[in-house]
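Let's take a walk through a protein structure together, one piece at a time. Keep the picture open while you read and try to find each spot as we get there.

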Amino acid sequence: MSENRPPTLIIDGSPPTWRSYRRELRAFHEVLRMLIRRDLIVRFRQTYFGLAWLLFKPLMLMAVMSFAFGFLAGFEKSHATPYPLIIFCGVIPWYFFSNSVPDSMNSLLGHMHIIQKTYFPRAIIPIAAVAVDAIEFAIAWLLFALGCIWFGYLPGWQIVFFPLFCLQLLVLCTTIGLWLSVANVQFRDIGNLIPFMLTTGFFLTPVGYTLMRIPEQWQLVYALNPLVGIIEGLRWSLLNGMEGFPLVPVILSLATTLASGLIAVHHFLAVESDLVDLA
Amino acid sequence: MNDIVIDIANLSKRYSLSHQHRPDSLKAWLRAMMRPGGIKLGDQSTEEEFWALKDVNLQVREGECLALIGKNGSGKSTVLKVLARVIPPTSGRVRVRGRVASLLEVGTGFHPELTGRENIFLNGAMLGCREREIRRRFDAMVEFSGVERFLDTPVKHYSSGMYVRLAYAVAAHVDTDILIIDEVLAVGDAEFQKKCQNHLRTALAAGTSAIVVSHSIPTIKTLSSHVAWLREGRLYEAGPIDSDILQRYAAC
């Protein structure tokens, strides 16, 4: 007998509650750590540069983006803030979002062979997929700090709100990932639809431009995209307030993040135990 | 101390052959969104039912090893999958006391690009083992598997024998109260199989309980204390291993 016997487990097909699921996640947290480690190892094994790719990828992306938007498109040269920094504040969160959404969406289907053979809370799989991309996201901000030094730029007091916007983005990516990962098991259509939506979404998100470019009467509808509030909030927090606090987009973004998050978690818990039969 | 560790009560599992999903407003909404005009497709009620399990009642006590026997499609694996929490039951319930390690396959989660060492930790975690415990039993696992020399080689370069030996070694050393085993005893060569059986017998003697599916009558005879015969999803007969169930099963 093992020394620490868990409480009696009842298997009756009823969906887990929030509380019981949190307990399970805690009990299996090492699976999460192992999956993240596995993904990092596998992604960079047999590459010459190894983990340095975590640095190269955002670096290349930022170089291309500042060239494309700053030099070719010639947007907003009038800003007092160095233009590449404005772009980076949009590119870094977008890059994280647009990687983590397909990664988590495909995660459950890609792990079906495991799901069919053993139990651990299935949420761990999409969460691990998002976490691996979040590591790249964090490293990209280190590059942003280097960019600030390069341009001799110092963020203001607003920077204390920076972690909050990052947290919101993390919550958004994770819950969307949970939702899409189960939806993709049930309806493989999702896997075809989402890449297209991401391509469209890039233009509907202030990545290479700022909210100010959107006509006044459309800004409210535009800000229903939760990324608008997050990106504009990040710009406000890191770039000395930009043109004032984007109150309406931030509130709308919080509301849409919360609403979609609750729906996503609820839906995930409702179908989690059925995944093998649904696939 | 003959405590009941697995209590299966009126367990049933239904499949619908028309591959229809359970009605659910969100799913219906999603489906409608995905397939415009296709909402009516899901409403067809001409589905055919298939009961993979019907009102199965079984109990396993501490230190017992219950073998499930029956033809292909009789529901043996379905019982194990419900116990392993891979699929939910349609009705009925199972009460499980203790930690469960499910070996529906050996090497679940093994990744070909990872080394033997890395896979031991990944697989161990999936079997519900803490890293600390795996570290403590690491040497025993490696010795049992006999792949010391290749520990830091990606398992994609392993022979299939080495692969299953390592995988079984992890499973065998996981600290658990209840083992759920589906035909995985038939891995490796005769010598290794004997090693596995001996190991399992030792665990059973130490108080671990097990529920196994096997088509090998000799294996069942050497390991099990009880046997349950399933037929078309129903429990046909159950009893101790020395009753005549096995003879009659072999005869039919």
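Start with H2 of chain B, a helix that is mostly covered, with 6 of its 8 residues buried. Keep in mind that what you're looking at is a predicted model. The buried residues of H2(B) are B:Lys76, B:Thr78, B:Val79, B:Leu80, B:Val82 and B:Leu83.

Let's zoom in on one of them. B:Lys76 sits in helix H2, which covers residues 76-83 of chain B. Is B:Lys76 buried or exposed? Its relative accessibility is 5%, and buried means under 20%, so B:Lys76 counts as buried. What is around it? Apart from neighbours within four places in sequence, B:Lys76 is in contact with B:Leu68, B:Ile69, B:Gly70, B:Lys71, B:Val213, B:His215 and B:Leu230.

Now step back and look at chain B as a whole. It has 8 helices and 9 strands. Of its 252 residues, 52% are buried. And if you take the contacts in chain B between residues at least 6 apart in sequence, 73% of them join residues at least 24 apart.

Next up is a bit of backbone geometry. After H2(B) comes B:Arg85, with a positive phi near 65 degrees. B:Asp55 isn't a glycine either, yet its phi is positive, at about 50 degrees. You'll find B:Asp55 in strand S2, residues 49-61 of chain B, and its relative accessibility of 41% makes it partly exposed. Then there's B:Glu232, another residue other than glycine, with a positive phi near 50 degrees. B:Glu232 lies in the loop between strand S8 (226-231) and strand S9 (234-240) of chain B, and with a relative accessible area of 72% it is exposed.

On to helices that pack together. Two packed helices are described by the angle between their axes and the distance between the axes. In chain B, helix H3 (residues 116-126) and helix H5 (residues 160-172) pack at about 40 degrees, with axes 10 Å apart. That angle is why H3(B) and H5(B) are called oblique to each other. Their crossing is right-handed. Where do they meet? B:Gly116, B:Ile120, B:Asn123 and B:Gly124 of H3(B) meet B:Leu166, B:Ala167 and B:Val170 of H5(B). By class, that makes 4 nonpolar, 3 polar and no charged residues.

Residues making the contact include A:Phe137 and A:Trp141 of H7(A) and A:Phe162 and A:Leu169 of H8(A). By class, this contact has 12 nonpolar, 3 polar and no charged residues. The crossing of H7(A) and H8(A) is right-handed.

One last stop: A:Leu278, in helix H13 (residues 275-278) of chain A. A:Leu278 is buried, with a relative accessible area of 7%. How far apart are A:Leu278 and A:Val185 in sequence and in space? They are 93 residues apart in sequence and 7.0 Å apart in space, C-alpha to C-alpha.

Methods: Residues numbered from 1 in each chain as written. Chains lettered and ligands numbered in written order. Predicted model: local features only at pLDDT ≥ 70, side-chain atom pairs only at ≥ 80, totals over all residues. Heavy atoms only, no water. Helix = DSSP H or I, 4+ residues; strand = E, 2+ residues; numbered from the N terminus. Buried < 20%, exposed > 50% of the residue type's maximum accessible area, 1.4 Å probe, protein only. Contact = heavy atoms within 4.5 Å. Left-handed = near helix turned anticlockwise from the far one by under 90°. Nonpolar A, V, L, I, M, F, W, Y, C, P; charged D, E, K, R; others polar. Axes fitted to C-alpha atoms, helices over the stretch in contact; angles between N-to-C directions. Parallel < 35°, antiparallel > 145°, perpendicular 65-115°, else oblique.
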